Amino acid sequence: MAENTYKSNTFKKPEKEKKSKSSKSKSRFSFDFFKDPRFILALGFFLLITSIYLFVAFLSYLFTGKADQSVVQALFDTSLTESGREVDNWLGLYGAVTSHFLIHQWLGISAFFIPPLLFLVGFKLVFKRELVSIFSAFILSVFAGLWLSLLLGYITHSITGVTELGFISGGLGFELARISTGLFGWGTFLILALTLFVFIIYYFNITAINAFQVKDPKPMGNDAILPDDDFVIKPTYSDERDNWPEQTEVIPEPVLIVKPPADEVSPVLQEVKLEVEPPSSKVEKMDEPLFTIEETIDDTDELAEQLVEAQGVYDPTLDLSNYKLPPLELLNEYEASKVQVTQEELNQNKDRILSTLTNFKIGIQSIKATIGPTVTLYEIVPDAGIKISRIKNLEDDIALSLAALGIRIIAPIPGKGTIGIEVPNKNREMVSIRSVLSTERFQKSDKELPIAIGKTISNELMVVDLTKMPHILVAGATGQGKSVGLNVILTSLLYKKHPSQLKFILVDPKKVEMSLFSKIERHYLAKLPNSEEAIITDTKKVVYTLNSLCIEMENRYEILKDAGAKNIKEYNAKFVARKLNPKEGHRFLPYIILVIDELADLMMTAGKEVETPIARLAQLARAIGIHLVVATQRPSVNVITGVIKANFPARLSFRVTSKIDSRTILDTGGADQLIGQGDMLLSTGSEIVRLQSPFVDTPEIERICEFIGAQRGYDSAYLLPEFEGEDEGGAAAVDLSERDSLFEEAARLIVQHQQGSTSLIQRKLKLGYNRAGRLIDQLEAAKIVGPFEGSKAREVLIKDPMSLEQLLNELKEKHTQS
C-alpha cells in the first residue's frame with residue numbers, strides 16, 4: 001500500500017515527455033545492439049574471413065577471369081548449379097562473380113586494396129589493437145585505388161587494338177581516363193604527377209626538401225639572422241620545481257638561444273638571457289653538471305680475458321690430448337632380445353590373481369599389465385571400500401597361487417590410484433651393458449657423472465647423475481649381482497669422462513674383484529704417495545687412504561674459499577676461464593670417486609677408524625667433487641651404522657636374505673623378495689624403483705682396461721696428500737740439525753694463524769705436500785705444534801711471536817754449539 005500511495009503522490013510528467021523518453025529508449029536499445037561485444041567480435045571475424053575470401057577470389061581471377069567471363073555474363077540465362085560447374089575460379093561461382101564485378105567492371109587491380117583494409121578493421125575489432133592506423137590505411141587505399149585506376153586506364157586507353165590486360169584498370173579507371181584524355185590529353189600524366197606529389201606532402205607531413213639547400217659558408221655574427229629551420233627557442237628554467245618537458249635538437253649551425261624579456265616572464269620562466277653559442281657547441285641545460293658513468297673492471301677479470309684471447313680457455317685434456325674413450329666394439333653384442341612373455345602367460349597370471357582375490361572376497365574393477373625385462377607389473381583397481389592392507393597381506397597367497405618367487409605388492413603405487421603386483425617373468429630378458437651405453441639417452445647425457453644404472457619395469461633406461469645422489473650405498477647377498485653392479489658404475493663413467501676429469505680410489509678387501517682395473521692406474525686411479533699398489537687391499541692402507549682423502553677434502557675447501565667458489569663446478573669453470581692463478585696453488589680439480597667393495601670386512605677389522613672418515617666424507621665432500629660408492633654383502637646394523645646410513649640418501653639393494661636386512665638398507669621390505677641376477681631396488685629418498693641391472697662380463701672389463709692402458713697416460717697415478725699413522729715416521733725420526741730452509745718461516749706462519757695444518761704451509765709457502773709434511777714433522781719435534789690428531793689440525797703449542805723467537809734463538813745456539 002505504501003508503494004501505491006507513493007506512486008500516486010509523485011509528479012506526473014506530460015504525455016509528450018513520456019513519448020520522447022519512450023522513443024529515446026527504443027533508439028538506445030537499437031543502438032546498444034551494435035555496442036554488444038558479441039556483435040563486435042562476430043563482425044570482426046566476419047571481416048577477417050571476408051578479406052581472405054576476397055583476396056583469394058581476386059588472385060584466382062588473374063588466372064581464371066578470362067575463362068569465367070562468359071559464364072558470369074550468362075549468369076541469368078542459366079541455373080546456378082550449371083554455372084557453378086562451369087567456372088574455374090578457386091572459390092566457385094560467387095568468387096567468380098565478385099571478382100568480375102570488383103575488378104573487371106569497377107576498380108581493376110586497385111580492388112586488391114580492399115582485402116587488406118577489411119583485414120585491418122577486423123583485426124582491430126577482434127584483438128582490440130591496431131596493426132597500423134586504420135584511418136591512414138583508409139586514406140592511402142582510397143587515393144592509391146583511384147590514382148592507380150586512372151593511371152592504368154590512361155595506359156589502356158592509349159593502346160590501340162584489343163589487349164588481354166584491359167581489365168587491369170577496371171571500368172571505373174577506363175571511364176575516368178577517357179574523360180581526362182578528352183579534357184587534358186597527355187596532360188593527364190602531369191595531373192597524375194601533381195596529385196601524387198601533393199598527396200605525399202600531406203600524407204607524410206613533408207615541409208621542406210633539403211637536398212638542394214646551400215649553406216652560407218661565411219661565419220655569422222651576433223646580429224646575423226638564421227633561416228627558420230635553424231632557429232631554436234631554448235628556454236632556461238631557474239625554478240627547479242617546475243619540471244616541464246624539453247626538446248633538444250642536434251643543429252649543425254650556430255644556435256641562437258632566445259629567452260623572453262623580463263617584463264614578459266611567465267610564471268614558469270624566471271630568467272632572461274641572450275646568448276650565441278660557438279659552432280661546435282651542443283645544446284645543454286644551463287647549470288647542470290656533466291653526468292658520466294664509469295664502469296669499473298676487475299683487474300683479474302681483465303687479465304683473464306686477455307689470457308683467454310691470447311691462449312684460449314684452459315683445456316685440462318691437453319696433457320693427454322690423444323686419449324680416446326673406449327669404443328662400444330669392446331663390449332659383447334648379443335642378439336636383440338625381445339621380452340619373452342606370451343599372451344597365454346599374461347592371461348594365466350591375471351586369472352590366478354583375480355581368483356585369489358575373489359576367494360578372499362576382494363572385488364576388482366580393472367587390471368592392467370606392464371611387461372618389463374625381469375618382471376611384469378599388474379596394476380589393479382579394487383572396488384570401493386576395500387582396504388589396501390587386506391590386499392597387502394595376501395602377498396604370500398598370491399605367490400602360492402602363481403607358483404613363483406619374488407612376488408612384490410606395491411600398495412599403493414606412488415602417484416597413481418592403483419595397487420601394483422610385480423610377478424617375475426618365466427623367461428627373463430638379459431640387459432647387456434652395450435645395449436644401454438649405446439642408447440641416445442646415455443650418449444647425449446649432459447649429466448656431470450652419468451651412470452646407466454639399469455632398465456625400469458617399463459623397459460626405459462634410467463641414467464642417474466652421481467653428483468646429485470651424491471653417494472651410493474650398495475647391498476646384496478653373494479651372487480646376486482652386487483659386484484657386477486659396481487662394474488657397471490665404473491664402466492659407465494669410463495665411457496664418458498676423460499682421465500683429467502675423473503679419478504677412482506678402489507678399495508678391494510677381497511683382493512680379486514677389482515684387480516683388472518690396475519691396468520688403468522696411470523690414467524684414472526689415485527693412491528697414496530708411498531703406496532706401490534693402486535688397488536687398496538690392506539686394511540691399514542685403507543685407513544690411511546680415508547684420512548688422506550679427508551685432508552684432500554680440507555685442502556680443496558681452502559682452495560675453493562680462496563677462489564670464491566661454492567662448489568667444484570664453479571671453481572673449475574673459473575680455472576678454465578683463466579681467472580685463477582696456478583702460482584697461488586690453484587689447479588684443475590678432477591672428480592674423485594671412492595669405491596669400497598666390501599665394507600663389512602673393514603668394519604670388523606678397523607671399526608671406528610673406518611666409520612669416522614667415511615661419515616666425514618659423506619657429510620662434507622659432495623661440494624668439492626668427492627663421491628662415495630660403498631658396497632656390502634651383509635647389510636646389518638653393525639656394518640651399516642646409523643652414522644653411515646644417515647649420510648647416504650641413495651641406496652641400491654640387490655636381493656638380500658631377510659626382511660631385516662631389507663629394512664636396514666632401504667628402510668622398508670622388498671629387497672628380500674627380489675629374484676637375483678641383477679634384479680634390484682633403487683631408493684633415492686621418497687621413491688623406490690625396481691630395476692634390472694645391465695650385465696657386464698669380466699672379459700669385457702679386461703678389454704676396456706687393456707684399451708685404456710695401452711694409451712699414453714700420466715707419469716704416475718693421481719697422488720693423494722701424504723698421511724702417516726702415529727706408529728710411522730713422525731717427530732721421533734726428525735733431526736733438527738737438518739732443518740728445512742723454510743723452517744723459521746713456516747713456524748712464524750703457524751704461530752700467526754694458530755693452525756697446525758700441512759695444507760696451510762702448502763698454500764701459503766707454495767710447496768708440495770711432501771715438503772710441507774716434513775716441515776710439520778720438524779715443527780712437532782721442536783715442540784711448536786702438537787702430535788698428530790687424525791684428520792684434525794694439530795694443536796699450536798706456541799701462542800705468541802715473542803715466545804717463538806725465543807725458541808728459534810735457542811735452537812740456533814744449541815745446534816751452533818753442537
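Ile206 is partly exposed in this predicted model, with a relative accessible area of 39%. You'll find Ile206 in the loop between helix H9 (188–203) and strand S1 (256–257). Patch members need over 30% relative accessible area and no salt bridge, and Ile206 has 39%.

Next, a charged spot. Arg441, Lys447, Lys468 and Arg622 gather on the surface as a patch of positive charge. One of them, Arg441, has its place in helix H15 (residues 440–443). Is Arg441 buried or partly exposed? Arg441 is partly exposed, and its relative accessible area is 48%.

Now for the strands, starting with S6. Why can strand S6 (residues 419–424) be called largely enclosed by the rest of the structure? Because six of its six residues are buried, and buried here means under 20% relative accessible area. In a regular strand the side chains alternate between the two faces of the sheet. In S6, Ile419, Ile421 and Val423 point one way, while Gly420, Glu422 and Pro424 point the other way, and all are buried. So if you were looking at Glu422, note that this residue sits among the buried ones.

Strand S10 (residues 502–507) is another mostly covered one, with six of its six residues buried. Which residues lie on each side of S10? Leu502, Phe504 and Leu506 are on one side, with Lys503, Ile505 and Val507 on the other, and all are buried. S10 pairs in the parallel sense with strand S12 (residues 591–596), over six bridges. Within that pairing, Phe504 has Ile593 of S12 as its bridge partner.

Here are the strand pairings side by side:

| Strands | Sense | Bridges |
|---|---|---|
| S10 and S12 (residues 591–596) | parallel | six bridges |

Methods
Residues are numbered from 1 along each chain as its sequence is written. This is a predicted model: local features need pLDDT of at least 70, side-chain atom pairs count only at pLDDT 80 or more; totals for chains, interfaces and linings use all residues. Side-chain values use heavy atoms; hydrogens and water are left out. Patches are made of residues with over 30% relative accessible area and no salt bridge: like charges are joined within 9 Å, nonpolar side chains (Val, Leu, Ile, Met, Phe, Trp, Tyr) within 5 Å. Accessible areas come from the Shrake-Rupley method with a 1.4 Å probe; for residues, only the protein chains shown count as cover. A salt bridge is a side-chain nitrogen of Lys or Arg within 4 Å of a carboxyl oxygen of Asp or Glu. Lys and Arg count as positive and Asp and Glu as negative; His and the chain ends are not counted. The place of a charge is taken as NZ of Lys, CZ of Arg, CG of Asp or CD of Glu. Helices (H or I, at least four residues) and strands (E, at least two) are DSSP runs, numbered from the N terminus. Buried means under 20% relative accessible area, exposed over 50%, partly exposed in between (1.4 Å probe, protein chains only). Two strands pair if DSSP finds at least two bridges between them.
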